[in-house]
Amino acid sequence: MADGVEFTGEIRVASRIVDYLSSGLYKDPAACLKELVNNAFDADAARVAIFVKPDADRIIIEDDGMGMTRKEFQAHFDHVSESRKRDQSDLTPTGRPKIGLIGIGFIAANEICDVMEVFSTTEGSTELLHVTIDFAEMRKPAGERRRTDSEIAKADYRGEVLKAAKSDHYTQLFLKQVRGDARRILAGAGGGMYGDRGRSLYGSSVDELRSALATMRQRKWTDEFDDYSSTMLQVALNVPVAYLPQWMPRSGHRAVKTVEERLSGFGFDVSYDGAPLRKPILFTSDDFLCRPLRFDGEHVGFDGYLYAQRYNLKPQDLNGVLIRIRNSAVGEYRPDFLGFPSSRYTLFQKWVSSELYVDDRLEAALNIDRRTLRDTHPAYIEMQSAFHELLDGFLETARQELYDKPAEQRRNLRAATNVKAVRSTIEDLQPALSAAQIGRIIQVLDKRVNEVRFRRALSKNYSASQLFDLAVEAAEAVLEPREVERFVSELMRRLG
Amino acid sequence: MVIPHRPVDAAMDVDSPVKARVRALWLNKVRQRAGSFDEVHPLYFSLTGAEGRDIRELVNDGLVRLNSVGGIAEQDLRKCVAIENSPPAVARLQERFPGLKIVEKDVRSLVHAETPLAWPQGDERLLCAALVVNLDLPGALLIHLDEHLVASFPQIGWVGKIGQIQRSLAAYDAWTLCLTLNATPAWSEGEQQNIGQLITSNIDDHPPYRARVETALRIELRAVLGAAAPFLAVLANDDAQRLLCMLVPKLLAEALTPNGWAMTVEWCLFYEGGNGAPMVTFIVDLSRATPGPSMTTRLRAGMSDFTNGVSRIEENGNIQTI
């Protein structure tokens, strides 16, 4: 392989960006992998394969996207700054909205590995780009790495141009010398409750993944699954892969059809050690509400959904609102719902999950880490306000439909059960009382039951002694005192 | 994603009765050894090539299980290790077998062949101690002559290092080596002379060995090896393969016996590989030697056994014992 044209260089990054890269944002392997997968999406890849097992000493990410030439590589990486990625167009050739603004993903990899090797070729070219990037430069003091007032060297690279078939187009990334913590997390040594080894999703088919999520016992992914699997879920949550089959109960499906079809329309498949990635969002409750969302404002627009189920969401990871811009998640679910007052519908906030697919205008509010938004930006403010209004109405509906009504239904059911129990007890008093006497007592009882006040009391009173009081009250209205005495003694005997 | 095939990948993936026979023989060894797998040190160590044909054979045989998405099953992740030093081939192999342990090195680097006192570290060391080590090496037997014209055989040295690692880890009491080489050596005149002397000196010392060699080679060996002209030019047809069948097991014994391994040769096979290339394959069992006779004694005692199983694999896959 050594007979290609060779070249070397330095990757230089605008100072403004380097702070974010060095701040530990990408120390989380999931964050780094997400960036690399999003790069593949922007390269119009139909298929991305990530290989981590068995022990994450090397991570491979390969895609069948457009690839890049040496010229493109050097043009981009010799001076990494903002706004370069969408210089040509906002959309990929197949019409996907590009996610990345700059090629930060590649460089983000330095947080989890010391060396990255790249093989890439583009269709129509016979050149195969092979570059080895040495992130050891990163470890040097900042002063030694500064090249100009505004640029800092991030890595050395050496490359060669080899031969490829003209029809080929792909990129293969090899993350080598994976660093301690990242390797431990990716290999899945830890995780699960109390640091014990959790369940593993390695090698799970889509059905097996769905089943694992549906049968979770713990409240959070990190408590249920090992680190390997938690990482896999975090990546899947973030990148533009499809949802699970029947992730929303059937009757709620119409509300989420738009977002679902948008994603499956991209034809973007990502596998993780062979396991197909799907968004790990699964709602299985029979008692739920789901409402589509749509807003088009002066500064921003979004669509999405609000979902609520009776009782707290499990896993808790899904509680809150998840913002997506260009189909890629901005951070994680916000359980505070973008600052919605915690005092409003406090109980029911824990029942709610939401996704907002926000349009490009919010991108101006996006911090460079792509995980947080500037909450003073007009687009953010408008989005927040609109969402809070929608959420407020939804929570009220959730309270009525999922709490008040069922509570009323339960009370009525309890009352009916109690009445039935009392009636049955009285009927059992034959032959101590005559059928006629029993019939008259029950008539009184039935009449009383239709009185709201009595019925309300009945719905609350369900102890044996309280049933006794109701029966006696009905008997007193019908029987002579001596008969009441006999009634009571017989009742006491029956009730034990 | 299409990765250009290297010639070696194509050769390893060939389907022919001959290759099928060779595969069946080493597969049988893996079956025999499978019960001893300790879940730490591999069952199978191999230069698989990008297509991982031999891994596929293990899967088809049920020795390695797959999960529901076609990756190596969690409980079998430790069973196999593939040695492959080309990143694109690594990617292709990983794509075929998610979860497969692949060491991105060549054997020489892995075992630190150049430095006698250097060893693989950590997990790589453990991975060298497999129950079946299948070295399908590209190229012919190499020889290196130092300034004193003392010969060493690099590939045999790698095997010797593996033997030392196996011994030091004390993981398994027995293991199997499958070694395949191309049988068109490109030895210089000086190298041929050296090999000739090596063989003839052994013939003189060990009559049973001599008889086996001459039977196998069907020639008056001394006349060929002792001649002034380089013998490779004289040997015809499959003689070079037969010669290697005589030579290589002895070299293996010399490399492995000092490390406490008693060697039993099961097969010395010669055949035509892909594109008609002459090939040789050795299947050798090693077991921890009991204390007793010295190394030299063991070597001498084993001389006549080192040429066990010399056989040709015919085009139809049948084995013809020589």
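Two strands are taken to pair if DSSP finds at least two bridges between them. Helices (H or I, at least four residues) and strands (E, at least two) are DSSP runs, numbered from the N terminus. The model is predicted: local features need pLDDT of at least 70 and side-chain atom pairs count only at pLDDT 80 or more, while totals for chains, interfaces and linings use all residues. Residues are numbered from 1 along each chain as its sequence is written, chains are lettered from A and ligands numbered from 1 in the order in which they are written, and side-chain values use heavy atoms, with hydrogens and water left out.

In chain B, nine strands form an open sheet. Their order is 3-2-1-4-7-9-8-10-11, and the pairing is mixed. Strand 3 (101–103) and strand 11 (319–321) of chain B are the edge strands. Each has a single partner strand, so one side of each lacks a neighbour in the sheet. Direction ignored, neighbouring strands of this sheet are turned by 20 degrees against each other on average. Within the sheet, strand 4 (residues 132–140) and strand 7 (residues 174–182) of chain B are parallel and share six bridges. Here B:A140 stands opposite B:N182 of strand 7 of chain B.

Contact here means heavy atoms within 4.5 Å. Axes are lines fitted to C-alpha atoms, for helices over the stretch in contact, and angles run from 0 to 180 degrees between N-to-C directions. Helix 3 (residues 53–60) of chain B touches strand 1, strand 2 (80–83) and strand 4 of chain B. The direction of helix 3 of chain B makes about 155 degrees with that of strand 1 of chain B. Helix 7 (residues 154–169) of chain B lies across strand 4, strand 7, strand 8 (261–272) and strand 9 (278–288) of chain B. Helix 7 of chain B runs at about 165 degrees to strand 4 of chain B.

Helix 9 (residues 207–217) and helix 12 (residues 239–256) of chain B also meet, with axes that come within 9 Å and cross at roughly 155 degrees. The two helices of chain B are therefore roughly antiparallel (angles under 35 degrees count as roughly parallel, over 145 as roughly antiparallel, 65 to 115 as roughly perpendicular and the rest as oblique). From helix 9 of chain B come B:Y209, B:R212, B:V213, B:A216 and B:L217. They meet B:D239, B:R242, B:L243, B:M246, B:L247 and B:K250 of helix 12 of chain B. By class, this contact has seven nonpolar, no polar and four charged residues. Ala, Val, Leu, Ile, Met, Phe, Trp, Tyr, Cys and Pro count as nonpolar, Asp, Glu, Lys and Arg as charged, and the others, Gly among them, as polar. Elsewhere in chain B, B:E39 has a positive phi near 70 degrees and is not a glycine. B:E39 lies in the loop between helix 2 (17–34) and strand 1 (44–46) of chain B.

Chain A holds an open sheet of five strands in the order 10-11-14-12-13, with mixed pairing. Strand 10 (288–296) and strand 13 (328–329) of chain A stand at the edges, so each has one side without a neighbour in the sheet. Strand 12 (residues 320–325) and strand 13 of chain A are antiparallel, with two bridges. A:I325 stands opposite A:S328 in strand 13 of chain A. Helix 10 (residues 253–266) of chain A lies across strand 10, strand 11 (301–309) and strand 14 (352–358) of chain A.

The loop between strand 12 and strand 13 of chain A contains A:R326. A:R326 forms a salt bridge with A:D90, the closest N and O atoms being 2.5 Å apart (a side-chain nitrogen of Lys or Arg within 4 Å of a carboxyl oxygen of Asp or Glu). The two residues are 236 residues apart in the chain. Over all chains, 44 salt bridges are counted.

Strand 2 (residues 47–51) and strand 8 (residues 269–272) of chain A pair in parallel over four bridges. A:R47 has A:D269 as its bridge partner in strand 8 of chain A. Strand 8 and strand 9 of chain A form a hairpin with two residues between them. In the turn, A:D273 has a positive phi of about 50 degrees. One joins A:K53 to A:P54, with omega near 5 degrees. Another joins A:K314 and A:P315, with omega about 5 degrees.
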